[in-house]
Amino acid sequence: MIKLYGNTDSGHAYKVRNFLLLGGLPHDYCWIDLSLPRNQRPAEFIQASQFGEVPVMVYQGQAYCQSNAILIYLSQKTRRFSGKTPQESQQILEWLSWESNRIGFSLPNLRSSLHFDKQPPIVLNYLSERMGSDLMCLEKFLAGRDYLVGNQLTIADISCSAYLFWLDHVGIHEHHYPHIQAWLDRMRAHPNWLHPDKVMVKAS
């Protein structure tokens, strides 16, 4: 059984959970209280998490960290949501690298700066401008395309879309980006897709 450690507000952990759900892979989700000091978090999580962060996935006694690295492992292991050709596989890696430095940086940090760790206007302006640039990059690329790579859902889409389901948290309406909105709608229509607000919370 796969065990995934995550948190309500972690879009990076949602990437991995979304893969597992979309792929129909049985797993156990363990919610971690990130408000606790790192040394007060569950011992099994401390032992598994090399960087003290979520997500962490444990499978067959081996711990895997960093969301995009986990997606690559899962895609290779299960042959789900992967490229059909070496060229597509390369394009997927390029999108994963872009995500980690761009939308996966700007949007979650802006969201955090607005709601959790309040920052001065100069920081908010920087993050907002950077996020706007990232969204326009996606919007232009998705014009005339259903997915980022090839003609089917891949881990590139799973990674780059994760935080975008929380666009409203940073005051952005999807309809301002019609190609992004259509892309997100295609993912919402995928069997087993669920919003992060439903699948990343602590079990009651």
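Helices (H or I, at least four residues) and strands (E, at least two) are DSSP runs, numbered from the N terminus. Two strands count as paired if DSSP finds at least two bridges between them. This is a predicted model, in which local features need pLDDT of at least 70 and side-chain atom pairs count only at pLDDT 80 or more, while totals for chains, interfaces and linings use all residues. Residues are numbered from 1 along each chain as its sequence is written, and side-chain values use heavy atoms, with hydrogens and water left out.

**Strands**

Select residues 2-6, strand E1, together with residues 56-59, strand E3: the two pair in the antiparallel sense over 3 bridges. Show Tyr5 next; its bridge partner in E3 is Val56.

Val58 stands opposite Ala63 in E4.

Now go to the turn. The hairpin of E3 and E4 has 2 residues between the strands, and Gln60 takes a positive phi near 55° there.

**Cysteines**

Colour the cysteine sulfurs. How many disulfides does the structure hold? There are 0, a disulfide being a pair of cysteine sulfur atoms within 2.5 Å.

Select Cys65: the nearest cysteine sulfur belongs to Cys30 and is 14 Å away. Cys65 counts as buried because its relative accessibility is 16%; buried means under 20% relative accessible area, exposed over 50%, partly exposed in between (1.4 Å probe, protein chains only).

Finish at Cys160, which is in no disulfide; the nearest cysteine sulfur, that of Cys137, is 9.1 Å away. Cys160 has 2% relative accessibility, so Cys160 counts as buried.
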